[in-house]
Every structure is written in C-alpha cells, then in structure tokens.
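This briefing is meant to be read beside the sequence and the coordinates. Please keep both open while going through the points below.

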Amino acid sequence: MGEKIIVNPKTRWYKDAVVYQIYPRSFCDSNGDGIGDLRGIISKLDYIKSLGVNAVWLSPIYKSPNDDNGYDISDYRDIMDEFGTMADFDEMIKGMHDRGIKLIMDLVVNHTSDEHKWFLESKKSKDNPYRDYYIWREGKGKKPPNNWMSNFVGPAWEYDETTGEYYLHLFSKKQPDLNWENPKVRQEVADICNFWFEKGVDGFRCDVITYISKVPGLPDGNFLKDAPLMGQHNYVMGPRYHEYMHELNERAFSRYDTMTVGEAAGITFKDAYKSIDESVGELDSVFTFEHVNADMYIQVFPHKLSLPKWKKILSNWQSLPLTSQPTLFLENHDQPRSWPRFVMYEKNNKELACKMLLVAMQMMRGTGYIYQGQEIGMTNIELKQEEYIDIMATRIFDTLKKTAPFLMPIARSAMAKRARDHARTPMQWDSSELCGFTTGKPWMKINPNHVDVNVEKQENDVDSILNFYRKFLHFRKGKDVIISGSYVPYYEKNRSLFVYNRVLGNKAYFTICNFKNKPISFKVPKDLNIKSSKVAITNYKEPVSDVLMSRKIAPFEAVVYELELK
C-alpha cells in the first residue's frame with residue numbers, strides 16, 4: 001500500500017478558536033491518589049464544553065519519571081501510569097470530539113528523559129547506534145565543553161563516567177538534549193507526530209522548540225549577549241531552525257488539519273512572519289513572551305507593569321499580516337496568575353478586574369488561550385520556602401543557599417510573585433476541604449482561598465467571573481470583525497486605558513478597558529465617523545452608557561461598542 005496523502009487538509013480552524021489549557025496533574029483526580037488524571041478530565045468534559053472553547057491543550061501525559069512534571073519523556077507512545085491508560089486516552093479524545101472540542105497535545109522534542117530507551121542506549125558506548133541521538137562532547141580538561149548554563153540553574157553539561165564524556169542538557173540533567181543534526185532524530189520526531197495524528201490529535205504545542213538548532217562547534221557564551229542565561233545566543237533560533245521546522249511540517253504537520261503553536265523564545269513580532277506565516281510552511285503560531293516579561297527586569301525580577309509598554313507589545317503583534325496568526329494569553333502552566341499581576345497589584349474589585357482583563361486580551365485578533373482556573377479568578381498561593389515543588393524554584397533556592405545566601409530574601413520575594421508553582425495548584429471545584437479535586441492527599445498544596453473561589457459557587461452566580469467568561473466567549477465566536485478585522489489603537493500613551501478598534505468594512509467593535517480602580521476620563525476619537533453605536537458587551541451589570549460617548553470610564557470597566565461606520 002502506498003503512503004497516505006492528503007491534499008491541502010488545513011482549514012485554519014484555529015483563527016476562530018479559544019483553547020483551554022489543562023495541566024492534568026492538577027485538574028481533576030478520579031481515583032483518590034491525589035494526582036489529576038485522564039478519567040478526571042473525562043468527568044469534566046461537559047464543563048469544558050460549557051465554557052464555549054473550541055479546543056483543549058493538554059500538558060504532557062506521556063510516560064515520564066516526572067523530574068520536570070512530564071516534560072521529561074521516557075516513552076512518546078504511551079501514557080504516564082499516574083494519568084491512566086491508552087484506553088482512557090481514546091475515550092477522552094472521543095468524548096472531546098463528540099462535543100466539538102479539538103485536542104492539542106504537548107510536543108516535547110528538544111530533549112527527552114534520561115530514562116528514555118534512546119538515551120539509555122546512547123550512554124552505553126561511543127559507538128552505540130544511538131550515541132548520536134544526543135549531544136556528547138569531551139571536556140576541557142576537568143571542565144565542561146563550554147560555559148553554557150542550564151535554564152534550571154547550574155552548568156548545562158553532565159559528566160558520564162561510562163564513556164568519559166559530557167552530555168548537553170539545557171534544562172535538568174535528567175533532560176538530555178536531542179541532536180537534531182542527526183536525520184534519524186528528525187524522522188523519529190515526525191513519526192511520533194504522525195502516530196498521534198492517526199489517533200485523532202488535532203495539533204501540537206511545541207515545547208521550547210526554538211532551542212532545537214545549536215551553533216556548530218558549540219562555542220562559549222558571551223555575557224553581554226546572553227544575560228541572564230549564558231550561552232543562549234548559541235542555541236535560541238539556531239542556524240538550522242527554519243530548515244528543521246519546514247521539514248517537520250512537510251513530514252507531519254501539513255498532512256492533517258492541524259494547529260501548531262510553538263513556545264518561541266527568540267521570536268519577536270519583527271521576524272515572526274518568517275516562522276508562522278502561512279507561506280513559509282512551518283508553525284501556525286507562536287507564544288511570544290514579550291508581554292509577560294514586560295513587568296520583569298532581565299526576565300527575573302518583578303516590577304510594576306507599565307501599561308503603555310504592555311499595550312505597545314500587544315499592538316506590535318497585531319500589526320502582523322492576516323496570514324500570520326497571533327496568540328492571546330494571560331496565563332499558562334509556566335506563568336503566575338494574571339490577577340492582580342496585570343492590574344498593578346490592585347487587590348480590590350477582583351471580579352470586575354478579571355472580566356476586564358479577558359476583554360482587553362481577547363478582543364484582539366488571534367487564537368485565544370484560557371488556562372484552567374483563570375475562568376474563576378484563581379490566584380497565586382502563599383508558600384513557605386520548603387513548600388515549593390517546581391524544579392525551577394527548588395534549584396534556585398538550593399543553589400543560592402550554597403553559593404550566595406545573602407540573595408535568598410530577593411529570591412523568596414521573586415518566587416512569591418513569579419514561581420511556576422502558582423499556576424499548578426489543584427483546580428478549585430468546590431469549597432470542601434479538598435476543593436473537589438481529590439479524595440486523597442493532593443500532590444500539591446491547595447490554595448486556602450478555594451473556600452471562596454471555586455466553580456460550584458460561581459455556577460450559581462449569574463454575575464460571576466465564570467459566567468462572564470461563558471458569555472464573552474460565546475459573543476466572540478464567529479465574528480468576522482474579530483477574526484480578521486484591522487486593529488487600530490488609541491490612547492497609546494495612556495497609563496490607565498487600553499483602547500482599540502477592530503474594523504472590517506463599515507462595521508467595527510470599539511473596545512475600552514480601564515486598568516485602574518478609579519474613573520478615568522475618555523474622549524471619543526474624532527476620526528471614527530460613527531453612523532450608529534450600541535453596547536455589544538460589558539463587564540458591568542448594566543451598561544454605564546448605551547452609546548459611545550465622551551465620559552468617565554468606570555473602575556475596571558470593560559465595554560465593547562458595536563459601531564456602524566459612515
């Protein structure tokens with residue numbers, strides 16, 4: 001039989017999609033072991049459908065020793081024991097598809113687990129057939145091959161006594177980097193993708209995908225170019241990145257009606273079209289980190305958000321051509337919670353603020369993403385130093401304790417606002433002791449505020465954050481103006497208001513969002529040429545004003561006016 005060929009299968013369905021990200025370990029536990037699982041997800045499929053999302057992005061569920069919570073994969077074609085079985089997976093994806101929900105899997109192929117069979121073979125000898133699946137080098141005397149640093153603190157090289165060489169790991173030492181220079185590795189990755197596509201998966205979120213190409217010779221990093229991460233300019237968007245992605249697209253992504261989105265450090269709006277434009281045949285979209293790094297110094301130390309800077313970053317991405325799809329997100333498994341982060345740590349009027357942030361982000365053009373718990377306003381958690389679980393936080397604390405204890409207060413302060421643990425606390429389903437997540441001992445501390453912040457409570461409140469999310473996502477769906485209308489920013493230097501217009505023909509949606517907990521003056525721009533206006537959606541129970549007019553915008557008000565233009 002010949003190879004299956006599908007001609008132009010892509011419908012670009014993702015252009016009118018909102019994706020709900022699930023972190024399986026923390027979503028819903030069905031068997032009382034304290035760890036979320038696939039059957040837990042199955043039990044909540046009706047809830048997910050009720051949100052009005054088009055797809056689910058599932059963080060890794062493959063076999064893994066869990067050094068980095070599933071991002072260290074030991075078998076790409078099997079399910080982690082704690083999460084269930086392949087039969088559970090098949091039932092889950094059928095349940096999603098039956099409800100009109102597509103499934104996006106996490107593709108983690110910059111590295112594997114050191115317990116993957118490829119690596120176990122690779123380390124046996126220098127002439128093993130799998131040796132070149134990974135990046136091995138001789139040391140410089142008693143030192144590593146170069147000065148690169150791991151993203152999880154410490155050297156990016158681990159010495160292996162069996163063969164007397166070092167292997168590269170840009171993350172944990174249990175996450176050795178694959179050698180993409182080896183064509184066998186690239187074919188293995190394509191085969192993995194096609195395995196899951198044949199099982200019905202609708203696309204992939206590609207983890208740290210811009211790290212796959214390293215500069216030949218692996219030269220030392222330069223502090224001036226690399227700060228704060230030594231060596232990164234030698235592996236972020238390396239010389240063969242585009243070649244590798246185009247090849248993977250040809251061998252896998254383009255053969256099905258897929259959506260691919262890359263975790264894309266190193267890609268900015270200035271060069272994004274080279275990676276995501278429909279004409280290049282690589283990824284469909286990327287997660288940029290520019291807007292979520294806007295409130296940090298050198299990507300490490302939190303500081304107060306500058307709204308003009310934040311708006312400028314988002315507006316830049318809106319300037320991409322219609323053939324290059326932006327992504328719209330506030331939270332994910334690597335980011336802290338959005339409230340009160342993006343409203344300058346204003347802790348009052350939470351419900352209005354959470355609703356406002358949704359409107360501000362999701363009225364723009366792009367594929368929207370909602371992270372589990374965001375739809376009920378879940379927040380960061382207060383943790384003692386010994387309560388942090390994530391490898392990034394624990395490695396930072398352990399390293400500083402040994403090498404620079406005087407920096408520990410700074411590290412604790414930074415982690416209190418930015419640690420990845422904040423996004424990974426169990427989903428808060430109800431106000432019971434274990435928040436409806438499990439009947440056993442939860443793998444991670446439950447946020448005490450679950451008594452007040454939970455799904456059950458908000459289901460019964462017509463004005464809750466949850467029900468506003470449903471209302472807004474229903475409103476957003478299928479609107480041509482939102483899918484492909486132009487983006488016109490206003491009040492660009494204003495420190496309180498985020499204002500922009502979406503225009504297609506003589507129809508427009510004019511969006512006003514107040515990021516302050518106080519009234520802010522607004523004047524209607526003179527260039528609008530309005531024939532008529534009416535409120536399309538607002539986060540207030542009643543519209544503050546039925547038509548677009550100059551006025552005071554109420555605290556944390558979000559309002560979208562539907563305009564007919566002359």
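Which residues does Gly366 touch, not counting residues up to four places away in sequence? In this predicted model, Gly366 touches Lys15, Ala17, Gln325, Pro326, Leu328 and Arg476 once those sequence neighbours are set aside.

- Gly366 is placed in the loop that runs between helix 10 and strand 15, the latter covering residues 367-371.
- Gly366 counts as buried because its relative accessibility is 2%, where the cut-off for buried is under 20%.
- Although Gly366 and Asp16 lie 350 residues apart along the chain, their C-alpha atoms are separated by 7.8 Å.

**The chain as a whole**
- The secondary structure of the chain consists of 15 helices and 22 strands.
- For 566 residues, a compact globule would have a radius of gyration near 24 Å, and the 24 Å computed for the chain agrees with that expectation.
- The C-alpha trace spans about 75 × 55 × 50 Å along its principal axes, and 60% of the 566 residues are buried.
- When contacts between residues at least 6 apart in sequence are considered, 70% of them join residues at least 24 apart.
- The chain has an accessible surface of about 22,600 Å², and carbon and sulfur atoms account for 52% of that area.

**The largest nonpolar core**
- The largest nonpolar core has 141 residues, among which Phe89, Phe253 and Trp310 touch the most other members.
- Helix 10, made up of residues 350-362, gives the most to this core, contributing nine residues.
- Leaving aside neighbours within four places in sequence, Trp310 is in contact with His291, Ala294, Leu305, Leu330, Phe342, Met361, Phe498 and Phe515.

- Three strands form an open sheet in the order 6-8-7, and their pairing is antiparallel.
- Strand 6 (136-137) and strand 7 (157-160) stand at the edges of this sheet with a single partner strand each, so one side of each is left without a neighbour in the sheet.
- Strand 7 is joined by four bridges to strand 8, which covers residues 165-168, and the two run antiparallel.
- Within this pairing, Glu158 has Tyr167 of strand 8 as its bridge partner.

Methods. Residues numbered from 1 in each chain as written. Predicted model: local features only at pLDDT ≥ 70, side-chain atom pairs only at ≥ 80, totals over all residues. Heavy atoms only, no water. Pairing = 2+ DSSP bridges. Core = buried A, V, L, I, M, F, W, Y, C linked by side-chain atoms within 4.5 Å. Buried < 20%, exposed > 50% of the residue type's maximum accessible area, 1.4 Å probe, protein only. Contact = heavy atoms within 4.5 Å. Rg over C-alpha atoms; globule rule 2.2 N^0.38 Å. Areas by Shrake-Rupley, 256 points an atom, 1.4 Å probe, with all protein chains shown as cover.
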